[in-house]
Amino acid sequence: MRKIAIVEDENSIAEMVQLNLSIEGYETTLFEHGGKAKMKLGELIAHDLILLDVMLPEVDGIELCRLIRAKSDVPIIMLSAKGSTGERIEGLRAGANDYVPKPFDLEELLLRIKNLLPEVQSSHQETMKIGDVEVNFATFEFFNKVTNEKGSFSKREIELLELFKEKKDFVVSRDEILDRLWGKEHFPTARTIDNYILAFRKTFEKDPRNPVHFHSIRGVGYRFKLE
Ligand code: CA
């Protein structure tokens, strides 16, 4: 079930949105004010989408949006009575994906939510071809059409491949990989990442000793190339 967080201090609006989202089959969590949302930021960003009111006590929606964006790409729809162009731009600049002025039409809000949610799925449904090997990001499986070798990746391996795909042709530092895949609380060694790369080379490279896709950049990190 898709989980939607609602950050809203006006009870009547929160209840109406929660009720309608649950009818649509979403699970909802309410954060009644900005301070609570900020304190529970980890819990907040674990949702599939966030509906974020702008005018909130303690910490406003714009600041919250920036805090969320520093940690996560979770889709954010801003809701605000202040529907002026300046407000909208400020919200979008803070990293919101969409902006709905209050009072809003419920059907429109539901459509906007639906528009943003498939994006989350589709980024994982893609496949990518690296050399002779096709990777499926939805099933974590790979298939080498020349050798007929099949297998599957772990969640972390898939996340690392997605990171490389995003940063194709650019150097990705070990710190960036550690940050993205393990977060701040865990400290795997650089050696751990090297082992992932060695495994990728075995899977994807025709000659793992002379990689054309997974390059090591000494002292910095790695560079992924499709050609
Ligand atoms: Ca409000």
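Reader: Why is Asn148 called exposed?

Author: In this predicted model, Asn148 has a relative accessible area of 52%. Exposed means over 50%, so Asn148 qualifies.

Reader: Where does Asn148 lie, and what is its phi?

Author: Asn148 lies in the loop between strand 8 (141–144) and strand 9 (150–152). Its phi is near 65 degrees, a positive value in a residue other than glycine. Most residues other than glycine have a negative phi.

Reader: What makes Asp169 partly exposed rather than exposed or buried?

Author: Its relative accessible area is 39%. Buried needs under 20% and exposed needs over 50%. The value for Asp169 falls in between, so Asp169 is partly exposed. Asp169 is found in the loop between helix 7 (155–166) and strand 10 (171–173). Phi of Asp169 is near 75 degrees, also a positive value in a residue other than glycine.

Reader: Which peptide bond is cis?

Author: The bond from Lys102 to Pro103 is cis, with omega near -5 degrees. Most peptide bonds are trans. Pro103 sits in the loop between strand 5 (98–101) and helix 6 (106–125).

Reader: Are Asp9 and Met55 buried, partly exposed or exposed, and why?

Author: Asp9 has a relative accessible area of 33%. Met55 has 47%.

Reader: Why are helix 8 and helix 9 called roughly perpendicular?

Author: The axes of helix 8 (residues 174–182) and helix 9 (residues 190–204) cross at roughly 85 degrees. Angles from 65 to 115 degrees count as roughly perpendicular, so the term applies to helix 8 and helix 9. Their axes come within 10 Å.

Reader: Which residues meet there?

Author: Arg174, Ile177, Leu178 and Trp182 in helix 8 meet Ala190, Thr192, Ile193, Asp194 and Tyr196 in helix 9. The residues of this contact divide into 6 nonpolar, 1 polar and 2 charged.

Reader: What makes Thr203 buried?

Author: Its relative accessibility is 13%. Buried means under 20%, so Thr203 counts as buried. Thr203 lies in helix 9. Not counting residues up to four places away in sequence, Thr203 touches Val133, Phe142, Asn144 and Phe153.

Reader: Why is His213 called buried?

Author: His213 has a relative accessible area of 5%. The cut-off is under 20%, so His213 is buried. His213 lies in the loop between helix 9 and strand 11 (214–217). Leaving aside neighbours within four places in sequence, His213 is in contact with several residues, among them Ile130, Arg223 and Phe224.

Reader: How many residues has helix 7, and what does it reach?

Author: Helix 7 has 12 residues and reaches 17 Å from its first C-alpha to its last. That is close to the 16 Å expected at 1.5 Å a residue. Its buried residues include Glu157, Ile158 and Phe164.

Conventions
Residues are numbered from 1 along each chain as its sequence is written. This is a predicted model: local features need pLDDT of at least 70, side-chain atom pairs count only at pLDDT 80 or more; totals for chains, interfaces and linings use all residues. Side-chain values use heavy atoms; hydrogens and water are left out. Buried means under 20% relative accessible area, exposed over 50%, partly exposed in between (1.4 Å probe, protein chains only). Helices (H or I, at least four residues) and strands (E, at least two) are DSSP runs, numbered from the N terminus. Axes are lines fitted to C-alpha atoms, for helices over the stretch in contact, and angles run from 0 to 180 degrees between N-to-C directions. Angles under 35 degrees count as roughly parallel, over 145 as roughly antiparallel, 65 to 115 as roughly perpendicular and the rest as oblique. Contact means heavy atoms within 4.5 Å. Ala, Val, Leu, Ile, Met, Phe, Trp, Tyr, Cys and Pro count as nonpolar, Asp, Glu, Lys and Arg as charged, and the others, Gly among them, as polar. The expected span of a helix is 1.5 Å times one less than its number of residues.
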